[in-house]
Amino acid sequence: MGETVPKRPVCVDGSWVDRILLEGDEQDVALHVGGPVSRAELRRLVADEEQRLKTAGLEAGGTLAVRVPPSLGCIVAMLAGWRAGAQVALLDHRLTTYEVGKAIARLAPQLVVEPVEEVTGRLRGHFDVRTRITPLRGGRPGGSPHVLLQLSSGSTGPSKVIGRTVGSLLQELDRYARLEGFPRRGERTVVLASIVHVLGLVGGLLHGLAAGSQVVLPGMQTVDGILKAVAAGDEPTTLLGVPSQAALLAAARTPPRLPQLRRMIVGGELVKADVRERFTRGYGADLGVMYGMTEAGVIATDLTGAHPPGLTPAPGMRLRVEDGQILLGLPATPYVGPTDPTRFVDGWLRTKDAGSIDEGTGLLTVHGRLDAQVSVGGLKVDLSEVEASITALPGVTDAVVVHGTGIEAFVTVSEQAALDGLADTLAARLAPYKRPRALHVLPEIPRTVTGKPVRNAEILRAAAQSAASA
């Protein structure tokens, strides 16, 4: 048997980084990460990091994994890898050593960038880190034209490897540029969402660099830390995060007057009506929502909250609904490596999200995951409807509903007294076949690294068991 011939690396021109992301007046502030970073300084830092990577062995068409917490070092390593013509895989710094090992084995990068010292601080918005570059034995060059590799959130099952080409990223940046109400030059974006996941990465960091909007990472992801970041500049400011962060801000008793806060935009899950009402009343700012996927980025939006739950398809995004499922028109499969062959067929990605399009307005309504629709005794139950009924109850702050041998609900409450009469109240609101057989109280709902609620029944039951024993 002959030797296996190594696959030739797929080289991608890295000049798009200079042309799209780093261009601009030298003195303009591009980032604010503990302090202002000008365009000139960012270009210098990226060039220096690119040289470090090349000295460590990175070549055009090579592969690089970046596992660095939100920081200037993370941003610079990512941009430098792309500028060198490499394929960059982004790994969340909150992954466990075991999870990182599995990811490295799947992705097989040639180099990995990591912090020299371990970092701590769950509520930190950014860190000041020194990084090291480590060559990995067995790493392989890039075998596809993707410049970005990400792992899906894994909220309902194993993560998938998702690839984005330069063309895919630039198309998404064009969609953001055409969205009325998204941050523009002379404005600021305070990014609360993770910059290694699609919302914070493309909608926050890359759009800000491309559009000339200052990208701000708050010092702390607390209410005080977020509001301090907003108050630090006079420019019109947008917050970009997830619904749980909007709920945190909405819960503030006496929000300060922040005339520069124009709106908050969230993605990842639906926004509760009471959170929207409290946020808009408390801050005098809009609360907008976005629907998107790691596979494609932003898909549809309602940036002002004018017509919930309807969303306007993003400019240039092809989508349709077939048999109740949202389908996206993409030029190629976004998946790298083995995957479900039925997921991407004839140029259409099956999102596994339920939705409908209003023929009169063209607005898209997302009804939740298709796997949230289950059969109980031959009767169809939408778990998202059950979940919404529970979260609407007084004193219930959060809920996740799953189906195994029966319907189970996992809830958090503002006080233990909120549980009194909960079953009787649900009995008045839900038909018997829709009611949870088991109700578990948790101190907090487990979430993925991107902030989405975990919907894996085994993980939720383990959390409930741990809470009960504690």
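Residues are numbered from 1 along each chain as its sequence is written, and side-chain values use heavy atoms, with hydrogens and water left out. In this predicted model local features need pLDDT of at least 70 and side-chain atom pairs count only at pLDDT 80 or more, while totals for chains, interfaces and linings use all residues.

Reader: What is the order of the strands in the open sheet?
Author: Strands are DSSP runs of E with at least two residues, numbered from the N terminus, and two of them pair if DSSP finds at least two bridges between them. The edge strands, each pairing on one side only, are β6 (131-135) and β8 (161-164). With mixed pairing, the 6 strands of the open sheet have the order β6-β5-β3-β4-β7-β8.

Reader: How much space lies in the largest cavity?
Author: A cavity is a set of points on a 1 Å grid over the protein atoms alone where a 1.4 Å probe fits but cannot get out, and its lining residues have an atom within 4 Å of a point. Grid points are joined across faces, edges and corners, and a volume is the space filled by probe spheres set on the points. Thr-63, Leu-64, Gln-87, Ala-89, Leu-107, Pro-109 and Leu-149 line the largest cavity, and β3 (63-66) and β4 (87-90) each supply at least two residues of that lining. The space in the largest cavity is about 40 Å³.

How values were computed. On a 1 Å grid over the protein atoms alone, a cavity is a set of points where a 1.4 Å probe fits but cannot get out, and a pocket is an open set with protein on both sides within 12 Å along at least five of seven lines; lining residues have an atom within 4 Å of a point. Helices (H or I, at least four residues) and strands (E, at least two) are DSSP runs, numbered from the N terminus.
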